[in-house]
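Biologist: I am new to this structure and would like to go through it slowly with you. Could we start once it is in view?

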Amino acid sequence: MGALFTDAFLTSLVLGALTAGLPLLLAGLGEQISEKAGVLNIGIEGMMLMGAYLGFVVAYTTGSVWLGFLGGAVGGMAVALPMVVLCIRLGLNQIVIGIALTLGTEGLTALLHHFQFAQSYPRLPAVPTLPIPGLSELPVIGPALFDRPAIVYLAILAVFVTAYVFRSTQLGLALQAAGDKPAALDAAGVDVVNVRSFAVFTTGALAGVGGAFMAEVGAGIFVPFMTNGAGFIGIVLAMQARGNPFWVLAGALLFGACLSATTALQVAGVSIPTDVIQMLPFAAVLLVLVLFGRRASLPAALGTHYVRGAR
Amino acid sequence: MTEPAPSPEAASGPPPSSGAIVTLDHVTKRFPGVVANDRVAFDLFPGEVHVLLGENGAGKSTLVGMLSGLQTPDEGGILIDGREASISSPARALELGIGTVFQHSMLVPSLSVVDNMALGGSWWSRPDRTGIAARMAAVAADIGVRIDPHARVGTLSLGEQQQVEIVRALMRGSRVLILDEATAMLTPKGAEDLGALMRRLTALGIAVVFITHKLNEALAFGHRITVLRLGRKVGEIAPERLEALGPAAATAEIIRLMFGTGDRKAAAEGGARAVRRRVSAPPLLEIEELAVDDMAVPVSGVTLSVAPGEIVGLAGIDGNGQKQFAEALAGQRRLAAGTIRLGGEAVERLDVGGRRARGLSYVTDDRLGEGTVGSFPVSLNLLLKQVGKDPFWRNGFERPEPIAAHAERLVGAYDVRTPGISTPIGKLSGGNIQKALLARELTGDTRAVIFAKPTYGLDVQNIRATRQRIREAADRGLAVILISTDLEEVLELSDRIAVMSRGHVVGMVDNDDAARARVGELMSGVGA
């Protein structure tokens with residue numbers, strides 16, 4: 001096995017872990033914000049997919065990567081809108097609506113894609129990278145970690161920003177209270193519905209950018225159903241991370257490594273059926289749930305609709 | 001606080017006739033099918049504890065809801081300092097100087113005390129943790145309480161959480177403090193402390209609304225008492241009158257107001273003491289060195305024996321392992337160690353059904369959760385622990401006639417007030433659900449029974465009825481373990497009293513005249 005760990009293998013593994021893990025990171029971070037506020041956001045898979053589609057379309061038509069990411073955020077928030085209206089304002093069941101939004105988005109994006117691109121299959125040019133002077137010269141991790149598109153650094157920065165918001169701002173306290181004891185937040189004069197709506201829109205934006213990343217940076221193309229469960233893995237990450245954004249980052253990189261093992265092992269010339277390798281991330285999800293499932297600590301009011309004065 | 005508080009000397013006792021801070025002018029509030037408050041008038045004066053007394057469902061919570069901005073009246077008006085005002089939201093109530101401490105804590109358990117107090121600032125600002133901690137310390141010192149500002153709320157006791165909420169309300173400039181069923185969850189000591197705290201608050205000129213259904217607390221803590229019954233205000237006793245009447249006459253008057261006539265045996269508190277049973281028979285239920293593993297409160301080394309016809313009370317502050325112990329006895333939890341013998345036969349390895357078949361019953365305190373299935377009819381709930389057994393089921397099929405006959409018999413015998421035996425039990429009141437539970441657990445070949453907080457959350461009449469059933473069970477020769485956090489109840493019913501603290505039985509006393517003091521010492525850890 002010693003021959004397996006060549007520089008090329010390690011570089012492609014780390015690179016792959018980052019490329020595949022970044023959408024998971026954004027999804028997990030977004031889901032964590034929703035869950036902190038007490039909203040179980042199952043629709044996140046749909047938000048990612050809409051982000052991937054819109055991100056691709058905008059990037060393709062405008063030729064701008066950044067407008068593409070903006071389009072992805074808008075796409076994710078567009079799917080978040082019905083979630084906000086139906087679940088948070090009207091109090092419908094979050095799980096049912098979440099599943100409906102995911103299924104609906106899958107159908108809608110597949111249909112739109114079919115009419116627009118089924119004949120041409122356009123590809124996006126590779127996204128330019130932003131090498132960080134000095135660090136990008138390091139062996140193995142240099143090209144894998146410090147010679148990446150700027151959005152990657154921003155996503156990592158988002159982890160720190162989220163951690164700061166959770167710990168040191170009124171908004172962080174409000175999110176925590178909305179998920180743990182919404183009545184207390186209401187009594188403190190903060191509108192629970194507004195806090196939760198904000199959380200879900202933020203989730204939509206983050207998940208949408210994550211989806212756009214998959215289309216623009218990961219694949220360079222939009223394919224129907226391309227998120228392939230990334231949003232659901234994000235939900236698992238958020239649940240395991242116990243409200244700590246840094247755990248989401250660690251988990252995302254771990255799952256990303258599993259996802260990217262296909263490419264890396266092919267680079268290393270290992271002959272395992274690709275089906276087995278592609279199974280890895282989901283086996284990892286199972287393993288994590290079995291090992292750490294009991295650790296998950298979820299907000300008390302997760303998934304429940306807040307009605308003032310109801311007991 | 002910006003307003004200068006009057007000096008304690010000047011404000012001691014209710015002030016003569018200063019204007020009311022808050023006036024409810026004949027407010028009416030309707031919910032589907034019921035008039036929760038029917039033209040209720042209510043005045044609140046500074047420096048006064050105004051007690052709102054009434055049974056469950058009398059409309060106390062609705063009245064509190066309207067004062068605290070959770071609900072708005074359908075008819076009638078609210079005056080603040082004599083001017084018409086509308087309390088449209090909790091935030092508006094706070095602006096008007098009305099702070100509420102709800103029965104169920106309104107603090108976020110996963111946040112620290114200061115963070116709870118910081119809640120509500122503009123989104124992007126940093127919570128001013130040092131400033132809040134300093135102001136908190138000042139207010140806490142004013143009213144004589146001590147709280148660690150950086151403790152996580154979930155780690156505080158319920159009494160401490162209440163103090164946090166009171167301090168928070170004062171920090172926000174509340175002139176009116178509403179304490180909703182504030183003593184319901186407290187230990188006797190905690191309730192006394194709260195009473196003392198209320199007196200310190202009124203000395204500072206604050207108006208306190210104290211909601212309770214406990215008569216003795218109303219008399220001990222209140223300056224003015226308003227009694228509600230079925231949504232109507234049936235009487236108000238002003239401070240001068242209350243003083244003139246004296247405790248005994250005031251009690252009689254309040255009972256008359258609460259129950260309509262004075263001849264009903266409704267004086268629950270301070271009721272007759274049990275006739276002590278002389279027990280010489282060998283023990284029926286013997287527990288030796290029982291231990292239960294539990295994350296929160298592990299139980300260990302519990303040794304207890306109960307003779308037929310004897311009631312052994314298990315006193316203690318809630319959450320000291322009583323529930324774990326009861327569930328282990330009933331067979332709902334695995335024993336880590338120890339033996340349980342029923343009539344000489346070891347039962348600790350049997351499951352719930354096996355123990356029940358040998359005559360060991362458990363009346364849970366979780367009536368709606370594990371006691372009943374709310375959507376099932378009364379008739380099936382009365383057989384919940386015998387599903388599939390003869391003669392009610394045969395070859396896996398339900399047999400309606402015996403089930404109905406059984407249900408009719410028990411509903412009659414235990415006076416369960418239900419529209420019919422096919423009514424879903426969840427639609428009944430708490431008292432009637434408890435009656436059905438008692439019927440289920442006390443019939444058949446029961447020889448020993450464990451009651452877990454049997455009167456928790458019931459109104460006075462149902463408390464009396466339930467206590468009577470417990471006495472009757474013992475009179476019939478059952479061995480009874482009575483777990484209760486209500487010391488009065490334990491003293492009223494038990495022959496012997498065991499005190500549980502931190503998962504251990506820390507003492508066992510005979511229920512004689514010295515029992516109250518001794519049990520109190522054991523509960524508070526003094527005599528352990």
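Biologist: How much area do chain A and chain B bury between them?

Modeller: This is a predicted model, in which local features need pLDDT of at least 70 and side-chain atom pairs count only at pLDDT 80 or more, while totals for chains, interfaces and linings use all residues. Residues are numbered from 1 along each chain as its sequence is written, chains are lettered from A and ligands numbered from 1 in the order in which they are written, and side-chain values use heavy atoms, with hydrogens and water left out. Taking buried area as the accessible area (1.4 Å probe) that two parts lose on being put together, summed over both, 65% of it lies on carbon and sulfur atoms, and the area that chain A and chain B bury between them is about 2,300 Å².

Biologist: How many salt bridges does the rule find across the interface of chain A and chain B?

Modeller: The rule asks for a side-chain nitrogen of Lys or Arg within 4 Å of a carboxyl oxygen of Asp or Glu. Across the interface of chain A and chain B, the number of salt bridges found is 0.

Biologist: Which helix supplies the largest share of the side of chain A that touches chain B?

Modeller: Helices here are DSSP runs (H or I, at least four residues), numbered from the N terminus. On the side of chain A that touches chain B, α6 (150-168), α7 (170-180), α8 (182-187) and α9 (192-219) of chain A each supply at least two residues. The largest share, 7 residues, comes from α7(A).

Biologist: How are α5(B) and α6(B) oriented to each other?

Modeller: Helix α5 (residues 129-143) and helix α6 (residues 158-171) of chain B have axes 10 Å apart and pack at an angle of about 105 degrees, where axes are lines fitted to C-alpha atoms over the stretch in contact (heavy atoms within 4.5 Å) and angles run from 0 to 180 degrees between N-to-C directions. Angles under 35 degrees count as roughly parallel, over 145 as roughly antiparallel, 65 to 115 as roughly perpendicular and the rest as oblique. Therefore α5(B) and α6(B) are, to each other, roughly perpendicular.
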